[in-house]
Amino acid sequence: MAFQKAVKGTILVGGGALATVLGLSQFAHYKRKQVNLAFVEAADYISEPVNREPPSREAQILTLKNTSEFDVLVIGGGATGSGCALDAVTRGLKTALVERDDFSSGTSSRSTKLIHGGVRYLQKAIMKLDIEQYRMVKEALHERANLLEIAPHLSAPLPIMLPIYKWWQLPYYWVGIKLYDLVAGSNCLKSSYVLSKSRALEHFPMLQKDKLVGAIVYYDGQHNDARMNLAIALTAARYGAATANYMEVMSLLKETDPETRKERVSGARCKDVLTGEEFDVRAKCVINATGPFTDTVRKMDDKDAAAICQPSAGVHIVMPGYYSPESMGLLDPATSDGRVIFFLPWQKMTIAGTTDTPTDVTHHPIPSEEDINFILNEVRNYLSCDVEVRRGDVLAAWSGIRPLVTDPKSADTQSISRNHVVDISESGLITIAGGKWTTYRSMAEDTINAAVKTHNLKAGPSRTVGLFLQGGKDWSPTLYIRLVQDYGLESEVAQHLAATYGDKAFEVAKMASVTGKRWPIVGVRLVSEFPYIEAEVRYGIKEYACTAVDMISRRTRLAFLNVQAAEEALPRIVELMARELSWGDSKKEEELETARKFLYYEMGYKSRSEQLTDHSEISLLPSDIDRYKKRFHKFDADQKGFITIVDVQRVLESISVQMDENTLHEILNEVDLNKNGQVELNEFLQLMSAVQKGRVSGSRLAILMKTAEENLDRRVPIPVDRSCGGL
């Protein structure tokens, strides 16, 4: 298939400067778009979207209530469900989509962030002569190319290094990776290559160098998964699909077919989760695209339906960016228990995962301490002994439920299908399950093809190959420069907006608040160390954000990058949302409580609290205890046995340092384990023991007291910004 033509009228700047801004992989990908003749075939015959902007949620609900019958009703707003809605509506079908939570609130936002064919699947396909897995890899590589083209602002190629520690592995893995390139054919992003030991260490200096033979580098794609999912749903809405999040299906509607006299599914009873209102949505065809909850909907249709979903939990952790190069990932092809671990740069942080363990289906999966430590131990095996891999450097952790499925039509119902399965029940319910993020579009195409055939819908072929997603059409690598020049945004903020919203970034910039500073002119940050700005909260509501959790996890990615930063931003986010959505005080408190519970359980904050508790063991040498006691008593001048904000302020004033009381309260509260408003000597020793063991990192109180002790006579300022803020 030919690729889509590059965006016309792109301004070219000096290659070196542009490569620095974009990162080498994205720059190389963009330059390739200028000259490569093999782009995904464009769907030039598709009419323009019917809506310049997605209609409001209220307008969408009115459409759901007032439409007598849709052609297609999709249940599930993840990548596959949103893809089904987009595929259907662009064929001219009257389409509706409902999601009980937020778009991408489940598995689709909790992936490894890769757009890939699956190197390990190709290996299995060759070793086992498995044609199904080969076809899956071939299809995924085509879809990888398409996704990189239709959402260039949200995705880019990423080089991934496979370190080699045994000579015999070099030809073995080289052949495998070259076959991966060969299967990709014209969709190959860039040819793989071999690195010597010295060159491998140049590219990945924190790599374990003992016994290192060399490395192989291959290319796959990387994306912002939740934003990609949202872009698919928003694009479907712009093309005319009635899409609504927080719309739960309570039951399926059925009626008797006048010709066959059999019952068939004819819609769903839906409930607006936010208001409690219930109403019927009728449709000729209902599609079940609910991922891990596939069997729940199948049993609404037939209570005796056999379960086909075998859920598997995949845990990921996020660590500071210094753990990996800015534009080079790492693949561990054989962990201690035979799994595969990726170690990748993402959003200027480092993401590591994933695990693969059987689990129960739940709306709120929780990352376990066991899985977090497994990933950390695997990372330690590949990083230099000079790099101390600390538990305290885990900034966020999450668990995603992968919906592995068995084919109900297969004779061997216990055999898990690595590809997707489209199942049609006797009553006409169409279920799409399995598959992977990368192949969401082809899964959607197969599903709508089945819907058209089964329900005799009038529609043409799929038109989503080459169809730009929201924000992608007029994006260019230099778009951020116009944001800086036209609006006075910081360069980092402008790059973030361009990479998140694409050509819609200008709309966010127009909503940005004046800072009151000489520079930047506009763009007040939500937290100092991340480029998210307050205007994104207001714009996020236009993107169907309804809760504070929506905002910290899927409109922005704060919760996935640093849970402490997300918690700090929460009060301001809730305040901004309250103004836009007219929330009262009780609603604001409810949102804060719900979001904090989300961070605590689902994003790894619980693990942080377990690293330092009032029962934590103090494992320090006597000399260390004496040293830390002396440090503590410099603040506790009255020998009370505890320190308060007043004590810290006194020491800071003696060295001419000013700090506001709220900041001091936050700093002490991080260590005040029994929450009595003061930090006892024992709590301080527990903190320093946890810091020494690597369970806690970035403690502002530990840094402040150490720096104060060193500089009491020199009178230099004390840095108190959160240092990584590890869990």
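Helices and strands here are DSSP runs, numbered from the N terminus. With that numbering, T354 sits in the loop between β14 (349–353) and β15 (357–358). The model is a predicted one. In it, a cis peptide bond links G353 to T354, with omega about 20°.

P520 belongs to the loop between α15 (505–510) and α16 (535–542). Why point these bonds out? Because most peptide bonds are trans.

Now step back to the whole protein. Its secondary structure comes to 26 helices and 21 strands. Of its 727 residues, 59% count as buried. Among contacts between residues at least 6 apart in sequence, 73% join residues at least 24 apart. The accessible surface is about 29900 Å², and carbon and sulfur atoms account for 51% of that.

Next, the EF-hand annotation. An unreviewed UniProt entry lists "domain: EF-hand" for residues 623–658 and 659–694. Residues 623–658 are 64% helix and 6% strand, with end C-alpha atoms 32 Å apart. Residues 659–694 are 58% helix and 6% strand, and here the end C-alpha atoms lie 28 Å apart.

Is T644 buried or exposed? Its relative accessibility is 19%, and buried means under 20%, so T644 counts as buried. Leaving aside neighbours within four places in sequence, T644 contacts L668, G677 and Q678. T644 and V679 are 35 residues apart in sequence, yet their C-alpha atoms are 6.6 Å apart in space.

Helix α22 (residues 622–635) packs against helix α26 (residues 700–711) at an angle of about 85°, with axes 10 Å apart. The two helices are therefore roughly perpendicular. On the α22 side, the contact uses R627, K630, R631, F632, K634 and F635; on the α26 side, L704, M705, K706, A708 and E709. These residues divide into 5 nonpolar, no polar and 6 charged.

Finally, look at the backbone of two loops. Most residues other than glycine have a negative phi. S582 is not a glycine, but its phi is positive, about 60°. S582 lies in the loop between α19 (563–581) and α20 (585–602). At 65% relative accessibility, S582 is exposed. Q639, also not a glycine, has a positive phi of about 55°. Its place is the loop between α22 and β20. Q639 has a relative accessible area of 53%, so Q639 is exposed.

Terms used. Residues are numbered from 1 along each chain as its sequence is written. This is a predicted model: local features need pLDDT of at least 70, side-chain atom pairs count only at pLDDT 80 or more; totals for chains, interfaces and linings use all residues. Side-chain values use heavy atoms; hydrogens and water are left out. Helices (H or I, at least four residues) and strands (E, at least two) are DSSP runs, numbered from the N terminus. Buried means under 20% relative accessible area, exposed over 50%, partly exposed in between (1.4 Å probe, protein chains only). Contact means heavy atoms within 4.5 Å. Accessible areas come from the Shrake-Rupley method with a 1.4 Å probe; for residues, only the protein chains shown count as cover. UniProt positions are given in the numbering used here, feature names are shortened, and annotations may be inferred rather than shown by experiment. Axes are lines fitted to C-alpha atoms, for helices over the stretch in contact, and angles run from 0 to 180 degrees between N-to-C directions. Angles under 35 degrees count as roughly parallel, over 145 as roughly antiparallel, 65 to 115 as roughly perpendicular and the rest as oblique. Ala, Val, Leu, Ile, Met, Phe, Trp, Tyr, Cys and Pro count as nonpolar, Asp, Glu, Lys and Arg as charged, and the others, Gly among them, as polar.
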